[in-house]
Amino acid sequence: MTAELNSVLAHGVGSRGDLPLPFYLFGIGAAVALMATFISLSYFWHRAWLPAAASGRSFGTAAGRVLDVVAVPARLASLALFVLALASSVSGAAVGSQRFGPLTVYVALWVGMAMVAAVFGDVWRVLNPFETIAAAIEWTAKKLGLPPIDDTGEIPGGYWPAVVALFWFLLFELCYHEGTTNEAVGGAMIAYTLGMVGGSAVYGRRWVRQADGFGVLFSLLAKMSPLYRDDTGAVRLRAPLSGLTTVTPRIDILAVLLMVLGGTTFDSLAGSTLWPDLVGTHRGWTATGINTAGMIVVIAIMAFLYYLGSLAVGWFTEQSAAEVARRFAHSLVPIVLGYTVAHYFSLLVLDGGQNFLRLLSNPFDRGSNWFGTADWAVNFFLVSTDAIAWVQFSAIVLGHIAAVLVAHDRAVETSDASEATWAQRPMLLVMVFYSVVGLWLLQKA
Amino acid sequence: MKIARSGATCLIAAIAMVAAACGNDDASAPPPPTASATAQSTVEATLGATATSTAAPTIKTTNTPPSPATEEPTPESTPAQTPAPTVVPTATPSTTSEPTPEPTPTPDVGTTIEVEVAGGKPVDGVQRYRIDARDSVTIIVSGDTTDELHIHGYDLVVGFAPGRPGTITFEADIPGIFEVETHHHGDLVMELQVG
């Protein structure tokens, strides 16, 4: 029996692709984004208020303590899910054409957790099984009387290991022609775990904080959330997006964001009718090679455009391009979320998410029904195609509006609104280009 | 006023970008390289009498208001080899099929797609068929090897062998785009766009 081959259009594990966005939506979307941008920049936003809003209001430490209690079973449940997904992949189990391991990684983790993080904050920090494993290593080492690992400061390479980790993940998800098989996902999970455990053994738990690409990405998305916990553990409510002002302006953080942005854009391109027209249809290792080259080119284009925007802004503000690029890196976070929602929303709520819940009850295909979901049939009508189209369009447009607001807020920190509006024009054009390309690719789906 | 002016410049430049992107739509209108494969097309979509005006499996035109993309006749997109000159040329970039819509004697027969597979691959290249939601679809597949056609999403399988074409009829009740593959070769045979 030949393995189920991955689909070129439906993000690996999906069996369904979204319908093309109607053309008029595309036009309206671009127009709305432009108008909102124009109005907000020129008239309403004269001083930076997001940094002040970022600390927010405290719910008190009691809420934090409740969360700490809930966190323990949640952490264990997440670890159990991780082990289950790994075991299912290693066992090679498949229910029909569906496999639990790939669904867990590509749908529940990559799509589901990204959205959870953006809404509810850095939940992944608690759920991350590698954090749990690293904590267990630390505890064991202590019990064995080994000298404690120096856990202070940064790991060598900053966040670049996370960039590498994410690139590796994207290669599996979007490029490798067998990336959705149990063998690939199981092998990748083992390799990733070894990397996390090995690093933690040398550098301590800070390794997971900086080298786990998922963790770094989700913590960035969580900066958009109105919920966060401060240093005392108290739960605080802040204005949505205001947390983005606390993103450290660094080039490796920027690389994380551009990598994911480019990867998702490539996924959209590869799923569009443009891609086969461009490179033809290929299977096997040829497809892997072409996809890899294509993804690298798309990431490079997205990054280059951002660089050009930074260069031009820097020309107005008399700063270096790198300085500008770092300073406005946080404004890419809402765009990353917008792209993720636009491209993967239907996968999450339709076949991908529903199959994940279905197989959660029966991950080894042994007829089990642990949670009563094993008999579910995928309901493709849970959301209508119209609703999906509107979500896609709104996600792209709102993501870019948020990005422009956040960028403008930073720009007016150091110059008045008039100057800032003037200087930010090149970056606005980059954002417009990103949104137009995003919508255009969805229209070509 | 400087702010307003700079904003307006922005807007104009941005609109120009949008226009450029729309322009790309036209630019990509000439047929893709695979179009030539349809010259000896054995694929035909027979549409029922109840079929809507969008009978031709054009992809992009449903919701497209009169736009530059459809107004401009692109000579390249109607090459001499087009087997069905009666079909209104719609200059859609990705439609590589040139089906012959013909009224069938029996109504409610739905859409019939015939596809020929050689070595697991479709003889006429991968094409996308547009099907109205809840329409009845019949796929007739013939090939030079023993294999199965797998329709994703619907999770349907139909076997075929040399000299013994496979036929499957189903109601297209799940909206979306679905791949159809040969199971053993694992090659993409066609895409169904439902809705």
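Tutor: Let us begin with burial. A residue is called buried when its relative accessible area is under 20%, exposed when it is over 50%, and partly exposed in between, using a 1.4 Å probe and protein chains only. Please note that this is a predicted model, in which local features need pLDDT of at least 70 and side-chain atom pairs count only at pLDDT 80 or more, while totals for chains, interfaces and linings use all residues. Residues are numbered from 1 along each chain as its sequence is written, chains are lettered from A and ligands numbered from 1 in the order in which they are written, and side-chain values use heavy atoms, with hydrogens and water left out.

Student: What share of the residues of chain A counts as buried?

Tutor: Of the 445 residues of chain A, 58% are buried. The accessible surface of this chain is about 17600 Å², and carbon and sulfur atoms hold 68% of that surface; such areas come from the Shrake-Rupley method with a 1.4 Å probe, and for residues only the protein chains shown count as cover.

Student: How should I read a salt bridge?

Tutor: Side chains of opposite charge can pair when their charged atoms come close. The rule here asks for a side-chain nitrogen of Lys or Arg within 4 Å of a carboxyl oxygen of Asp or Glu. Over all chains, the search finds 11 salt bridges. One of them joins Arg16(A) to Asp18(A), with 2.9 Å from N to O.

Student: Are Arg16(A) and Asp18(A) buried or exposed?

Tutor: Arg16(A) has a relative accessible area of 5%, so this residue is buried. Asp18(A), at 13%, is buried as well. In chain B, Asp132(B) and Arg130(B) form a salt bridge of 3.1 Å, N to O. There Arg130(B) is buried at 10% relative accessibility, whereas Asp132(B) is partly exposed at 22%. Salt bridges can also share partners: Glu131(A), Glu138(A), Arg205(A) and Arg209(A) are joined in this way into one network.

Student: How are strands read?

Tutor: Strands of a sheet pair through backbone hydrogen bonds, either parallel or antiparallel. Helices (H or I, at least four residues) and strands (E, at least two) are DSSP runs numbered from the N terminus, and two strands pair if DSSP finds at least two bridges between them. Chain A has 18 helices and 3 strands. The 3 strands form an open, antiparallel sheet in the order β1-β3-β2. Because β1 (57-58) and β2 (227-229) of chain A each have a single partner strand, they stand at the edges, and one side of each is left without a neighbour in the sheet. Between β1(A) and β3(A) there are 2 bridges, and Ser58(A) has Arg236(A) as its bridge partner. The side chain of Arg236(A) also forms a salt bridge with Asp230(A), at 3.2 Å from N to O.

Student: Which faces of strand β9(B) are covered?

Tutor: In a regular strand the side chains alternate between the two faces of the sheet. Both faces of β9(B) are covered: Gly176(B), Phe178(B), Val180(B) and Thr182(B) are buried on one side, and Ile177(B), Glu179(B) and Glu181(B) on the other. This strand pairs antiparallel with β6(B) over 3 bridges, and with β10(B) over 6 bridges. A hairpin is formed by β9(B) and β10(B), with 5 residues between them; in its turn, Gly186(B) has a positive phi of about 70°.

Student: How is a pair of aromatic rings described?

Tutor: A pair of aromatic rings is described by the distance of the centres and the angle of the planes. Rings of Phe, Tyr and Trp (its six-membered ring) pair if their centres lie within 6.5 Å; planes under 30 degrees apart count as stacked, over 60 as edge-to-face and the rest as tilted. The count is 23 aromatic pairs over all chains. The pair of Trp110(A) and Phe169(A) is tilted, because the planes stand at 45°, with the ring centres 4.4 Å apart. This pair links distant parts of the chain, with Trp110(A) in helix α4 and Phe169(A) in helix α7, 59 residues apart. Trp110(A) is buried at 4% relative accessibility, and Phe169(A) is buried at 7%.

Student: Is the pair of Tyr203(A) and Trp207(A) stacked or tilted?

Tutor: The planes of Tyr203(A) and Trp207(A) are at 15°, so this pair is stacked, with centres 5.5 Å apart.
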